[in-house]
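Me: I would like to go through this structure with you. Shall we settle the terms as we go?

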Amino acid sequence: MSKKAKVDPRIKRTNKYLRDALVELLKEKDVTSITIQEITEKAELTRGTFYLHYQDKQDFLVQIMNEVLEELIEQVKPKQNNKASLEVEEKDESVSFLKLFEFIYEHADYFKVMLSDRGLPQFRSHMTEIVKKRVYGELISSIGEAEDGLDIPKDILISYITSAHIGVICSWLESGMKFSPAFMADKLTSLTLLGPIRVAGLENKIKLPY
């Protein structure tokens with residue numbers, strides 16, 4: 001697989017100005033209400049500059065979304081130059097969680113608005129797919145191998161895990177990220193592998209709803 005062509009630093013700067021402008025505007029209004037004129041004015045760029053890079057607003061929104069999620073994909077999995085040891089494999093899930101939370105922390109303003117009701121509707125579903133494939137890839141593979149012995153359908157289990165993960169991320173962002181990425185990664189690893197009731201120490205303290 002060939003490496004991606006290096007992006008001109010000037011183009012990267014322009015994209016960043018436009019993306020930052022979009023984020024600021026999304027704090028105030030819905031994405032459907034934002035115009036190209038507002039984006040370029042906020043970024044202090046001309047409409048001509050905008051159209052050098054994007055066909056229209058929808059093209060801009062999709063490209064920006066894909067760029068951020070591609071960066072997330074690049075960051076989320078640990079790079080391994082040679083064959084992984086068993087110890088490394090066992091740590092892969094928690095390392096992926098940590099890298100995920102670190103990346104979101106660094107781009108918190110963007111993720112907070114894009115995962116909100118004001119953001120691009122397809123952003124949440126795209127991010128859910130990335131979490132499913134890149135963060136939970138090995139876990140889901142293991143579930144598939146053990147599918148015959150599962151007490152609930154595999155699809156329901158996978159949907160529960162990934163939806164809960166996105167929900168936790170949204171709650172963390174909305175709370176102002178009062179816990180560190182490392183704390184969140186550690187707790188989410190425990191919740192995923194052991195279950196919420198057990199991790200919270202509530203196994204013998206709550207009445208089940210049946």
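This is a predicted model: local features need pLDDT of at least 70, side-chain atom pairs count only at pLDDT 80 or more; totals for chains, interfaces and linings use all residues.

Me: Is Thr14 buried or exposed?

Reply: Thr14 counts as buried because its relative accessibility is 12%. Buried means under 20% relative accessible area, exposed means over 50%, and partly exposed lies in between, with a 1.4 Å probe and protein chains only.

Me: And what about Asn15, what does it touch?

Reply: Asn15 is also placed in helix α1, and Asn15 counts as buried at 12% relative accessibility. Beyond residues up to four places away in sequence, Asn15 touches Tyr54, Ile64 and Glu67.

Me: Stepping back, how many helices and strands are there in the chain?

Reply: The chain has eleven helices and zero strands. Of its 210 residues, 34% are buried. Among contacts between residues at least 6 apart in sequence, 65% join residues at least 24 apart.

Me: What does the accessible surface of the chain come to?

Reply: The accessible surface comes to about 13,300 Å², and carbon and sulfur atoms account for 52% of that. The areas come from the Shrake-Rupley method with a 1.4 Å probe; for residues, only the protein chains shown count as cover.

Me: Turning to α2, which of its residues are buried?

Reply: In helix α2, residues 36-43, the buried residues are Ile36, Ile39, Thr40 and Ala43. Viewed down the axis of α2, these buried residues fall within an arc of 90°, so they line one face of the helix. The arc is that of the directions from the helix axis to the C-beta atoms.

Me: Why would residues three or four places apart point the same way?

Reply: An α-helix has 3.6 residues a turn, so residues at that spacing point the same way.

Me: What covers the buried residues of α2?

Reply: The cover includes α1, α3 (47-53) and α4 (57-76). Just after α2, Glu44 adopts a positive phi of about 60°.

Me: At what angle do α1 and α2 pack?

Reply: The angle is about 115°, and the axes of α1 and α2 are 8 Å apart. Axes are lines fitted to C-alpha atoms, for helices over the stretch in contact, and angles run from 0 to 180 degrees between N-to-C directions. α1 and α2 are therefore roughly perpendicular to each other. Angles under 35 degrees count as roughly parallel, over 145 as roughly antiparallel, 65 to 115 as roughly perpendicular and the rest as oblique.

Me: Which residues make that contact?

Reply: Tyr17, Leu18, Ala21, Glu24 and Leu25 of α1 make the contact with Glu38, Ile39, Lys42 and Ala43 of α2.

Me: Now to α9 and α10, how do their axes cross?

Reply: The axes of α9 (residues 154-174) and α10 (residues 181-194) cross at roughly 155° and come within 12 Å. The two helices are therefore roughly antiparallel to each other. Ile161, His165, Val168 and Trp172 in α9 meet Pro181, Met184, Leu188 and Thr192 in α10.

Me: Where does Val113 lie?

Reply: Val113 lies in helix α6, residues 108-114, and counts as buried at 3% relative accessibility. Apart from neighbours within four places in sequence, Val113 is in contact with Val23, Leu26, Lys27, Arg118 and Gly119. Val113 and Glu24 are 89 residues apart in sequence and 8.9 Å apart in space, C-alpha to C-alpha.

Me: Finally, what does Ile73 touch?

Reply: Ile73, found in helix α4, touches Ile130 and Arg134, not counting residues up to four places away in sequence. Ile73 is buried, with a relative accessible area of 17%.

Technical notes:
Residues are numbered from 1 along each chain as its sequence is written. Side-chain values use heavy atoms; hydrogens and water are left out. Helices (H or I, at least four residues) and strands (E, at least two) are DSSP runs, numbered from the N terminus. Contact means heavy atoms within 4.5 Å.
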